[in-house]
Amino acid sequence: MRTNPVTAIAMAPLLAAALPCATASGSVTLHVMGQESLPPKWLLRQGQPAGVCPDVLAAITRIEPRLRFHGLGDFRSVLVIEQGLRNGKVHVACALLATSTRHDIANAIEQPLYSSRQRLAAAAGDTAVVNNLDDLARLKPLVNTSRGAAYIEHLRERGIEVDDSTGANLTNLKKILAGHGRFFYMNELTLNWLIRENGLQDKVKLMPAILKEDPVYLWVSKKAPPQALPLLAAAIRKLHENGELARIYARWTGESGMRPEN
C-alpha cells in the first residue's frame, strides 16, 4: 500500500512529537522519578534534588553528555516508579534491588551501583539478639517494612509477619516506639539517616547484624529509547572503573552518620 505524499507530510510533525526523547544534536532525554521517603538515596535540599541517585545521574551526564535526565524532583513511591517503567513514562529508575517484576519491565545495567545492606531498627530498650534471618523468624515478631520493598516476600517466605502498609519510612520507624511492630527492616543507609536526622538516637537503636546484602542497579525501561541502554551501561562501567560510584556512596554514607567500618 502506497502512502499519499501529502498525508506523509502532514503526519511528520505528529511523528516528531511522538519521539520527544531524541534531539537533532543526538542527545537523549530520559525521564526519571525520585523515590520518596528514602533519604539519602533521594532527598531535597533547598528545594533541589540531592542524594546518592541525583549524584549518580549527574556523574553519568558528565561522562556521557548525550544523556540528559528529566523529572528528578518528582518524588513518588516505588510502586508508581515500577508502573512508569512498565508503561514507558519512566525510562530510568535508580538504585533498586532485583525482582522478577522489575526484570519483566526493565533491563538492569549489569554493573551494580552499590550494595544495599539490610538491618533492623528496634526500640532502644529491646534486648533481643538477632544475628540472622533465622533468629528473626524464631522470635515471631511483627516487622515493619516499606510498601513495595523488594524484600517483603523474602521475609514472608521465612514465616515472618510483615506490616508493609505504608511507604512513609519515618512513620515505620516511629511505629516500633508506639508498640506497633517490634522491628523495622530497612537498608542501613536510610535507617542511619532517619535516626540521626530526626533526633531518635536515644529512642531507637540499630541492631548490629547485617541480615542480607544485595546489589542495587540502574534500571532501564524496556520502552525507553533504544540508544539509552548501551549509553548508560558504558557510562556506569566507566564510573565504576574510575572510582566515582564508590566516592558518591562514601560521601552519603558519611553524611548519614555511619562509621567507615559499617
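1. Helices (H or I, at least four residues) and strands (E, at least two) are DSSP runs, numbered from the N terminus. On that basis the secondary structure of the chain comes to 10 helices and 14 strands. The model is a predicted one: local features need pLDDT of at least 70, side-chain atom pairs count only at pLDDT 80 or more, and totals for chains, interfaces and linings use all residues. Residues are numbered from 1 along each chain as its sequence is written, and side-chain values use heavy atoms, with hydrogens and water left out.

2. Overall burial and surface. Of the 262 residues in the chain, 48% are buried. Buried means under 20% relative accessible area, exposed means over 50%, and partly exposed lies in between (1.4 Å probe, protein chains only). The chain has an accessible surface of about 13,000 Å², and 53% of this belongs to carbon and sulfur atoms. These areas come from the Shrake-Rupley method with a 1.4 Å probe; for residues, only the protein chains shown count as cover.

3. Contact range. Take the contacts in the chain between residues at least 6 apart in sequence: 75% of them join residues at least 24 apart. Contact here means heavy atoms within 4.5 Å.

4. The loop between S2 and S3. Two backbone features deserve a look here. Proline 40 lies in the loop between strand S2 (34-35) and strand S3 (43-45). The peptide bond from proline 39 to proline 40 is cis, with omega near 0°. Serine 37 is in the loop between S2 and S3. Its phi is positive, near 60°, and serine 37 is not a glycine. Serine 37 is partly exposed, at 27% relative accessible area.

5. The loop between S3 and S4. Glutamine 46 sits between S3 and strand S4 (48-50). Phi of glutamine 46 is positive, about 55°, in a residue that is not a glycine. Glutamine 46 is exposed, with a relative accessible area of 84%.

6. Packing of H2 on H10. The axes of helix H2 (residues 52-63) and H10 come within 10 Å and cross at roughly 155°. Axes are lines fitted to C-alpha atoms, for helices over the stretch in contact, and angles run from 0 to 180 degrees between N-to-C directions. H2 and H10 are therefore roughly antiparallel to each other. Angles over 145 degrees count as roughly antiparallel, under 35 as roughly parallel, 65 to 115 as roughly perpendicular and the rest as oblique. The crossing of H2 and H10 is right-handed. On H2, the contact is made by Val52, Asp55, Val56, Ala59 and Arg62; on H10, by Glu244, Leu245, Ile248, Arg251 and Trp252. A crossing is right-handed if the near helix is turned clockwise from the far one by less than a right angle, and left-handed if anticlockwise.

7. Serine 256. This residue is in the segment after helix H10 (244-255). Serine 256 is buried, at 1% relative accessibility. The side chain of serine 256 reaches the backbone oxygen of threonine 253 at 2.7 Å. Not counting residues up to four places away in sequence, serine 256 touches Leu189, Asn192, Trp193 and Arg196.

8. Asparagine 187. This residue belongs to strand S12 (residues 183-187). Asparagine 187 counts as buried, with 15% relative accessibility. The side chain of asparagine 187 reaches the backbone nitrogen of leucine 189 at 3.1 Å. With neighbours within four places in sequence left aside, asparagine 187 is in contact with Leu38, Ser116, Arg117, Gln118 and Tyr151.

Note on methods. A polar contact is a pair of N or O atoms within 3.5 Å; within protein, one must be able to donate a hydrogen and the other to accept it, and residues adjacent in sequence count only if both atoms are side-chain atoms.
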